[in-house]
Amino acid sequence: MKRQEHFLASQLALKPGYEVMDVGCGIGGPLREIARFSFASITGLNNNEYQITRGEELNRAAGVDKTCKFVKADFMHMPFSDNTFDAVYAIEATCHAPDIYGCYKEICRVLKPGQYFAAYEWCMTDSFDPHNKEHQDIKAEIEIGNGLPDIRLTGQCIEALKQAGFEVIWEKDLAEESPVPWYQVLDGNHFSLSNFRVTPLGRFITRIMVEALECVGLAPEGSLRVLKVLERAAEGLVKGGRMGIFTPTYFFLVRKPQCESSVMTRGSC
């Protein structure tokens with residue numbers, strides 16, 4: 001995870017004095033690591049009050065609370081002026097956008113001209129066949145279990161970036177050259193002590209425990225149902241990864257044009 005985050009920071013050429021935005025930051029794990037690695041100041045954007053409160057506590061514990069902060073807002077409607085940030089990144093977050101073009105356009109608006117946006121996106125690959133029933137079922141399992149809208153193809157993301165006004169520097173599915181499958185930690189057929197919980201036996205034990213806790217009132221009603229949904233999502237991710245039709249590591253680096261007129265010509269931010 002650190003290598004992934006350091007790679008992103010290096011691609012953006014982050015440095016001290018930079019004002020950076022993390023779009024959809026969660027509780028700020030990557031935010032803190034990237035801040036320590038690059039010494040940049042980072043604003044995490046999140047619409048979840050609990051996650052922000054937890055993130056602020058962790059920022060203080062990590063000693064980055066002077067250079068890192070959180071803003072509660074919707075990334076489709078950011079409360080920032082035009083041309084605010086020196087760099088923007090997103091890690092597996094903008095896949096939740098109901099309108100990916102609108103999300104990218106808003107990112108372009110708040111990014112300074114000539115500066116860069118980089119992201120890891122969840123995408124269906126070119127191997128996905130929308131007319132293949134098995135492919136459709138796998139895609140649906142991933143979407144339902146992870147609370148996602150329609151998962152886009154990699155090409156749809158690139159087209160939306162261009163329409164939003166960005167220049168594409170480079171893009172690639174990083175999973176293609178990974179020596180270790182990204183889905184290995186979810187694969188019950190790959191046994192290790194660290195992934196025992198995802199094996200058939202581990203899942204059986206977990207289901208029994210959750211059902212028992214729910215019965216005695218120590219777990220909220222519906223916990224077992226949620227667990228089953230998450231298990232289906234994990235199965236969909238593994239199947240999608242094995243078949244090469246889904247990737248969580250589609251990476252792109254794009255640039256907002258230096259000349260404002262070139263952005264306007266492209267009808268975007």
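Author: Angles under 35 degrees between axes count as roughly parallel, over 145 as roughly antiparallel, 65 to 115 as roughly perpendicular and the rest as oblique. This is a predicted model, in which local features need pLDDT of at least 70 and side-chain atom pairs count only at pLDDT 80 or more, while totals for chains, interfaces and linings use all residues. Residues are numbered from 1 along each chain as its sequence is written, and side-chain values use heavy atoms, with hydrogens and water left out.

Reader: Are α7 and α8 roughly parallel or roughly antiparallel to each other?

Author: Helices (H or I, at least four residues) and strands (E, at least two) are DSSP runs numbered from the N terminus, and axes are lines fitted to C-alpha atoms, for helices over the stretch in contact, with angles from 0 to 180 degrees between N-to-C directions. The angle at which α7 and α8 pack is about 160°, and their axes lie 9 Å apart. The relation of α7 to α8 is therefore roughly antiparallel.

Reader: How many charged residues does the contact of α7 with α8 have?

Author: On the α7 side the contact (heavy atoms within 4.5 Å) is made by R203, T206, R207, V210, E211 and E214, and on the α8 side by S223, L224, L227, E231, A234 and E235. Ala, Val, Leu, Ile, Met, Phe, Trp, Tyr, Cys and Pro count as nonpolar, Asp, Glu, Lys and Arg as charged, and the others, Gly among them, as polar. By class, the contact of α7 with α8 has four nonpolar residues and two polar ones, and the number of charged residues is six.

Reader: Which word describes the orientation of α4 to α6?

Author: Helix α4 (residues 100–110) packs with helix α6 (residues 154–164) at an angle of about 45°, their axes being 8 Å apart. That angle makes the relation of α4 to α6 oblique.

Reader: How many nonpolar residues does the contact of α4 with α6 have?

Author: The crossing of α4 and α6 is right-handed. From α4, the residues I100, Y101, Y104, K105 and C108 meet C157, A160, L161, Q163 and A164 in α6. By class, this contact of α4 with α6 has one polar and one charged residue, and its nonpolar residues number eight.

Reader: Is the pair of W170 and F251 stacked, tilted or edge-to-face?

Author: Rings of Phe, Tyr and Trp (its six-membered ring) pair if their centres lie within 6.5 Å, and planes under 30 degrees apart count as stacked, over 60 as edge-to-face and the rest as tilted. A search of the whole structure finds 13 aromatic pairs. For W170 and F251, the ring centres are 5.1 Å apart and the planes stand at 40°, so the pair is tilted.

Reader: Is F251 buried or exposed?

Author: The pair links distant parts of the chain, with W170 in strand β6 (residues 167–173) and F251 in strand β7 (residues 246–255), 81 residues apart. Buried means under 20% relative accessible area, exposed over 50% and partly exposed in between (1.4 Å probe, protein chains only). W170, at 27% relative accessibility, counts as partly exposed. At 0% relative accessibility, F251 counts as buried.

Reader: What is the angle between the planes of W182 and F246?

Author: W182 is partly exposed, with a relative accessible area of 23%, whereas F246 counts as buried at 2% relative accessibility. The two form an edge-to-face aromatic pair in which W182 and F246 are 5.7 Å apart, centre to centre, and the angle between the planes is 70°.

Reader: Where is T43 found, and is T43 buried or exposed?

Author: Leaving aside neighbours within four places in sequence, T43 is in contact with V20, M21, D22, L31, K69, V71, F80 and F85. T43 is found in strand β2 (residues 41–46). With a relative accessible area of 3%, T43 is buried.

Reader: What is the relative accessible area of H135?

Author: H135 has its place in helix α5 (residues 133–146). Not counting residues up to four places away in sequence, H135 touches S127, F128, D129, M243 and I245. H135 is buried, with a relative accessible area of 8%.

Reader: How far apart in space are G188 and G236?

Author: G188 lies in the loop between β6 and α7, and at 21% relative accessibility it counts as partly exposed. Residues up to four places away in sequence aside, G188 touches V198, T199 and P200. G188 and G236 are 48 residues apart in sequence, and their C-alpha to C-alpha separation in space is 12 Å.

Conventions: Left-handed = near helix turned anticlockwise from the far one by under 90°.
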